Amino acid sequence: MTEAPQPAGDNGETHARYTPGTPCWVSLMVHDVAAALDFYGELFDWEFAPGPGRLGPYVRARLDGREVAGIGALPPDRHLPVAWTPYLACDDVDLAAEAVRLCGGTVGVGPLDADAAGRLAIGSDPSGAVFGLWQAAAHVGTAVRGEPGTPAWNELRTFETANVATFYAGLFRYEERRTEDGAADGASGSSGSSEDHVTLCLDGRPVAGIRGLGPALPPDRGPHWMTYFDVIDADGTLDRLVGLGGQVLSPARDTARGRLAVVADPEGARFALLQRAG
């Protein structure tokens, strides 16, 4: 995994911008925002502040005043999966959205302005996995990394890696590191000879992963991005999650990167908990 830039929060300090192609933000759209805030506030000790009004009911989660992630409301007339969505930094979201179309993906939302925060688009790759594009203005993205309750890694779980890696490389100048045994530079949710894995790198730094699961991909989800969150105690966090109404999809186990579990919140949004090794 890479150490992303550490942009400051809304405290007057200079913001560091993310390199284009780097996951810079994660956002969750839910049916019941109040319930989601209760769940994640208790799970990760997040506090919340209003986000851009252009996006409808939307708040930003904070740790010690520093922005971590976003939670918003799904339109009531749209029956969409509840899922965490990573946003990839870009210099020009309009050009990036056009590249998505030219490379075989689709753009479902935008490009549009999010008040003074920046400009965004939401699209899907050729396999159907949803991701966002973010052109920063006042809001750069996640302001702190490496602390409990912050995004640690983003991994695309899909059928195969070759074609979808070509798609993302067409959007940004990713370098690819490929393994066939499940051992990867990023946090791994599983391992086995039936999988293949590509780590996407920028300037030699791993920034995201693509894991080909073949027929092991959950049929009820299809290809999707998975966000990993740092925790101090994976087992203790699992106990807290269950008590809050969440579900354990894959019990905590030790991996090369630390102790890892895959879970879902009460609305079914999947994410992973990572207690780093050492």
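Student: So buried means under 20% relative accessible area, exposed over 50%, and partly exposed in between, with a 1.4 Å probe and protein chains only. Is E67 buried or exposed, then?

Tutor: E67 is buried, because its relative accessibility is 3%. Before we go on, this is a predicted model: local features need pLDDT of at least 70, side-chain atom pairs count only at pLDDT 80 or more, and totals for chains, interfaces and linings use all residues. Residues are numbered from 1 along each chain as its sequence is written, and side-chain values use heavy atoms, with hydrogens and water left out.

Student: Noted. Which side chain does E67 meet in a salt bridge?

Tutor: That of R62, at 3.7 Å from N to O. A salt bridge here is a side-chain nitrogen of Lys or Arg within 4 Å of a carboxyl oxygen of Asp or Glu. R62 is partly exposed, at 22% relative accessible area.

Student: And what joins R60 and E67?

Tutor: Their side chains make a polar contact of 3.1 Å. That term means a pair of N or O atoms within 3.5 Å; within protein, one must be able to donate a hydrogen and the other to accept it, and residues adjacent in sequence count only if both atoms are side-chain atoms. R60 itself is buried at 11% and sits in strand β3, residues 58-63. Helices (H or I, at least four residues) and strands (E, at least two) are DSSP runs, numbered from the N terminus.

Student: How many salt bridges does the whole structure have?

Tutor: The search finds 14. One of them pairs R157 with E155, the closest N and O atoms being 3.2 Å apart. R157 counts as buried at 10%, and E155 does too, at 0%. As for the residues we began with, salt bridges with shared partners join R60, R62 and E67 into one network.

Student: Where do R101 and E98 lie?

Tutor: Both are in helix α2 (residues 93-102), three residues apart, about one turn of the helix. R101 is partly exposed at 40%, and E98 is partly exposed at 38%.

Student: Switching topic: how many residues are in the largest nonpolar core?

Tutor: It has 33, and those with the most contacts inside it are L28, Y40, F44, W46, I71, W84 and F271. A nonpolar core is a set of buried Ala, Val, Leu, Ile, Met, Phe, Trp, Tyr and Cys residues joined through side-chain atoms within 4.5 Å. The largest share of this core, seven residues, comes from α1.

Student: What does Y40 contact, skipping neighbours within four places in sequence?

Tutor: L28, D45, W46, I71, W84, D265, A269 and F271; contact means heavy atoms within 4.5 Å. Apart from that core lies another, of 26 residues, including L156 and Y174.

Student: How many aromatic pairs turn up?

Tutor: There are 18 in the whole structure. Rings of Phe, Tyr and Trp (its six-membered ring) pair if their centres lie within 6.5 Å; planes under 30 degrees apart are stacked, over 60 edge-to-face, and the rest tilted. F44 and W46 make a tilted pair, 5.1 Å centre to centre with 45° between the planes.

Student: What about F131 and F167?

Tutor: Their centres are 6.2 Å apart and their planes at 70°, so the pair is edge-to-face. F131 is in strand β8 (residues 130-136) and F167 in helix α3 (residues 162-171), so the pair ties together parts 36 residues apart in sequence.
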